[in-house]
Amino acid sequence: VGTVLAAGGGASEARMATLFAGVPHTAGLATTNRQCSSGLQAFANVAASIRAGYIKVGLAAGVESMSSHGFNDGVGKLNSDLFANKEAADCLTPMGITSENVAAQFGVTREQQDAFA
């Protein structure tokens, strides 16, 4: 299950979702926690495991939603010294702002993004 800033920390959100969906508690579970495309990475991980012969059947899902809460909701207090390094401080830039910056840099309009999606 792909997730980011999981409520409750760790795999709890993913385990709760799989149990709620009826997946037996005896089934294995792995989570991928990354700021962008964690759900897509979960699907890639399952596909690769099937292809490699590690598993015969897999279930992949994504529960991330960076727009539902801010980045700071899922992390503890950060050492203020980190903000002296611009690249480190930029890690707190929300993905929505990042996507707008990338779109502006490469001249991609909202209409083009919607058409591609």
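Reader: What volume does the largest pocket have, and how do I read such a value?

Author: Rolling a probe the size of a water molecule over the atoms shows where empty space is left. On a 1 Å grid over the protein atoms alone, a pocket is an open set of points where a 1.4 Å probe fits, with protein on both sides within 12 Å along at least five of seven lines. Points are joined across faces, edges and corners, and the volume is the space filled by probe spheres set on them. In this predicted model, local features need pLDDT of at least 70, side-chain atom pairs count only at pLDDT 80 or more, and totals for chains, interfaces and linings use all residues. Residues are numbered from 1 along each chain as its sequence is written, and side-chain values use heavy atoms, leaving out hydrogens and water. Here the largest pocket comes to about 480 Å³.

Reader: Which residues of its lining lie nearest the centre?

Author: Lining residues have an atom within 4 Å of a point. There are 24 of them, and Gly-28, Leu-29, Ala-30, Val-46 and Leu-59 lie nearest the centre of the largest pocket.

Reader: Gln-41 lies in helix α2. Is Gln-41 buried, partly exposed or exposed?

Author: Buried means under 20% relative accessible area, exposed over 50%, and partly exposed in between, with a 1.4 Å probe and protein chains only. Gln-41 has 25%, so it is partly exposed. Gln-41 also touches Thr-32 and Arg-34, not counting residues up to four places away in sequence; contact means heavy atoms within 4.5 Å.

Definitions and conventions:
Helices (H or I, at least four residues) and strands (E, at least two) are DSSP runs, numbered from the N terminus.
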